[in-house]
Amino acid sequence: MTSIALIVAAGRGLRAGGDVPKQYRDISGGPMLHRTVSAILSDARFAKALVVIGAEDHDLYHEAINGLDQARLLAPVRGGETRALSVKNGLDALTEHAPKHVFIQDAARPFITAALLDPIFDALTHSDGAFPALPVIDALWKTESGRAMTPQSRTELVRAQTPQAFDFVKIHAAFASADLAAHDDVAIARAAGMSVAVTPGQEENFKVTTPEDFAKAESQLSVPDIRTGNGYDVHRFCDGDAVILCGVDIPHNRALSGHSDADVGMHAITDAIFGALAKGDIGQWFPPSDMKWKGAASDIFLRKAVEVAKEDGFVITHVDCTLICELPKIGPHAEAMRLRLSELMGLEVARISVKATTSERLGFTGREEGIAAQATATLVRA
Ligand code: MG
């Protein structure tokens, strides 16, 4: 029960613009045809694939299939004047391979998945052919000279996609005696009396046709740029009567010593953001050797990190800060800290977490020599 894919790539693809036929244009760094053939060959149910190409596209074709499993690619066949003639040439060439089923696929549909193919393979056990399709959602109207005339029922209509799969012997015979001006392969199959099942299509399996479609294809393939950065900071206690943590003054029997206001929480968050951006750390942006930062409120540092993230095209989606100390108690102030950070960062409170832990009286924080903070920031490229 072999299946072979017949990929039709002989069109000129003029609507897409560009100086090569659209199936050879790049999507995310590789020709579209490469992606389409690769998607077919990645499914082991296809024994082979055959591509029908334009008369002048020999070099473009060989460039496009570079790196693919050559053993499963049959020698390309030259297309005809129309799509139907191209399919006919492909079917003729497959005769010697005598597949049970042929899957006729548009070169401009690079997004097939196993979930799309499974129901087609299933349907072929009881039908002469099958193809995926989507329902029509928009209202349909007959128009005349730009005016609405009569509404059309959409309930029985579907939008056909490919691959369109058929019993090879039957579709080959249908093409041999068909009116090749027919709409598509299904129309030729139906005209020959073949039974053709409709299986669920997928919106992602769209046909890349216009320049807008290329942009959509690029975004469908692009990997989201989500970054996680971490920050860690420590400041030691000194004499004083308050500490500043995450922008909030908290009365205490000590203060924190540092070049700036020693807001250890805000420093950790700032470093987490710079870390996500892979842009160094707070010390590189605000050198302690520079006297102008002496005693500075740490908002300046955090605001700068937020600004750099924005300039680099990132949205900060979340920060989480843990303050590590025995005293002062953080819990009663955590809400105020979240609000202050929210104000400074222009980030909703629900995306800001401030929490605390002691270190069970162990280590420097346990001996109350200082406070440590660690933070995580999540950034997404917008
Ligand atoms: Mg610091």
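**Exercise 1. Is His267 buried or exposed?**

Solution. His267 has 7% relative accessibility, so it counts as buried (buried is under 20% relative accessible area, exposed over 50%, partly exposed in between, with a 1.4 Å probe and protein chains only). His235, at 11% relative accessibility, counts as buried too.

A quick note on the model: it is predicted, so local features need pLDDT of at least 70 and side-chain atom pairs 80 or more, while totals for chains, interfaces and linings use all residues. Residues are numbered from 1 along each chain, and side-chain values use heavy atoms, leaving out hydrogens and water.

**Exercise 2. Which residues coordinate the magnesium ion?**

Solution. Start with the donors (N, O and S atoms within 2.8 Å of the metal, or 3.2 Å for Na, K and Ca; water is not among the atoms, so sites may look incomplete). Asp233 (OD), His235 (NE2) and His267 (ND1) coordinate the ion at 2.1 to 2.3 Å. Next, check their spacing in sequence: D-x1-H-x31-H. His235 sits in strand E13 (residues 226–239) and His267 in helix H8 (residues 264–277), so this pair ties together parts 32 residues apart in sequence. Helices (H or I, at least four residues) and strands (E, at least two) are DSSP runs, numbered from the N terminus.

**Exercise 3. Which residues of helix H7 are buried, and what do they pack against?**

Solution. In H7 (residues 211–221), look for Asp213, Phe214 and Ala217. Then find their partners: strand E2 (26–27) and helix H1 (32–41), where contact means heavy atoms within 4.5 Å.
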